[in-house]
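The structure comes first, the details after it.

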Amino acid sequence: MSGRYEGPGGPAGAARAGLNGTASAEGAPFGFDSLRGPMPVDLGIRILRRAGVPERAYDRYSLVEGPVVALFVAHGRGAVTGAGPVDRYAGPEDFEEQHLLRTGRAALPAGRPLPGVVGALRTGRDRNLRYDYGTLPESRSRVLEAVRGIPRGQLRPVGWLGAEAGVPEATAAELLEAVRSGPAPVLIPVHRLGDEDGRPVDCGLPAVLVERLRAYEGIDEERLGRFAAAGTHYLGSGTTRIFCYPTCAHARRITDRHRVPFGSVAAARRAGYRPCLSCRPVAA
């Protein structure tokens, strides 16, 4: 200890001033200020955990960057409970508020998304995810599960959903209402729905986003337009005598000389063709 007095402006005096909440003359942080650091994203969850609040009492959510759009994705009890493109919300607080209004459950920021979400966005395949549809009627949940069954890069008409979901009597308007009520568009690939000609329908996502998602999955809109202009809604194979939707993986493998166009299921059946077991075409 030198015993030399430094005065209030010396280094020791400055540290004491910092501890008392007074800034240095240069404005640089010291004292308590020097202890500042980035607030953990999951600070709220840590506080609840320390307070003994069980995790089943709330949801958590993350910002997940997808190849086409960034999403807020909420989850709880191992299931996705809500998701939506970031630009649909004024900010994280807006997402939290709308999640609370829809589910009755608080969603708190978390550092990591539910396992499988990042891969599902990258690959367009979400079959390993589980969804919590909350209070949605079972019939609507079945419709959304049918949407999940549409493979990446393929399209299905709205009427196809009714048969797949076990509600063949439902109208197109009722089926689309069920689609729009889903809690996690984009993750649930509502952009893969179309009209009879494959054109986008009102699935609840902006048309521009639907276009980008379809392009990312390699859906050839020009090819579909040519089929629509010719009145072709199904493609048959002259070798297998099977007919499919035009975007079905099997249909895309039919060579030009073996491709047989059909305008209806009835026309295909009259010609002796049977429906593909993969895309399961139904009468429009």
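In which sense do S7 and strand S8 pair, and over how many bridges? S7 and strand S8 (residues 242-244) pair in the antiparallel sense, over two bridges. Strands here are DSSP runs (E, at least two residues), as helices are (H or I, at least four), and both are numbered from the N terminus. Two strands pair if DSSP finds at least two bridges between them.

This is a predicted model: local features need pLDDT of at least 70, side-chain atom pairs count only at pLDDT 80 or more, and totals for chains, interfaces and linings use all residues. Residues are numbered from 1 along each chain as its sequence is written, and side-chain values use heavy atoms, with hydrogens and water left out.

**The sheet around S7**

S7 belongs to an open sheet of four strands with the order S9-S7-S8-S10 and mixed pairing. Strand S9 (259-262) and strand S10 (274-275) stand at the edges with a single partner strand each, so one side of each has no neighbour in the sheet. S7 and S9 run antiparallel, joined by four bridges. Glycine 236 is opposite valine 260 in S9. In S8, glycine 236 has phenylalanine 243 as its bridge partner. Leucine 235 faces cysteine 244 in S8. The hairpin of S7 and S8 has four residues between the strands, and there arginine 241 takes a positive phi near 60°.

Both faces of S7 are covered.

**Serine 237**

Serine 237 sits in strand S7 (residues 234-237). Why is serine 237 counted as buried? Serine 237 counts as buried because its relative accessibility is 7%. Its side chain makes a polar contact of 2.9 Å with the side chain of threonine 239. A polar contact is a pair of N or O atoms within 3.5 Å; within protein, one must be able to donate a hydrogen and the other to accept it, and residues adjacent in sequence count only if both atoms are side-chain atoms. Beyond its neighbours within four places in sequence, serine 237 is in contact (heavy atoms within 4.5 Å) with Ile242, Ile254, His258 and Tyr273.

**The sheet around S1**

Another open sheet of four strands has the order S3-S2-S1-S4, again with mixed pairing. Strand S3 (79-85) and strand S4 (107-109) are at the edges with a single partner strand each, so one side of each is left without a neighbour in the sheet. The twist averages 30° from one strand to the next. Strand S1 (residues 59-65) and S4 run parallel, joined by three bridges. Aspartate 59 has alanine 107 in S4 as its bridge partner. Two helices pack on this sheet, as tabulated. Angles run from 0 to 180 degrees between N-to-C directions, with axes fitted to C-alpha atoms, for helices over the stretch in contact.

| Helix | Strands touched | Direction angle |
|---|---|---|
| H2 (residues 43-50) | S1 and S4 | about 115° with S4 |
| H3 (residues 92-103) | S1, S2 (70-76), S3 and S4 | about 130° with S3 |

**The helix pair**

The axes of helix H6 (residues 158-165) and helix H7 (residues 172-180) come within 9 Å and cross at roughly 80°. H6 and H7 are therefore roughly perpendicular (65 to 115 degrees). Val158, Leu161 and Gly162 of H6 make the contact with Ala172, Leu175, Leu176 and Val179 of H7.

Conventions
Buried means under 20% relative accessible area, exposed over 50%, partly exposed in between (1.4 Å probe, protein chains only). Angles under 35 degrees count as roughly parallel, over 145 as roughly antiparallel, 65 to 115 as roughly perpendicular and the rest as oblique.
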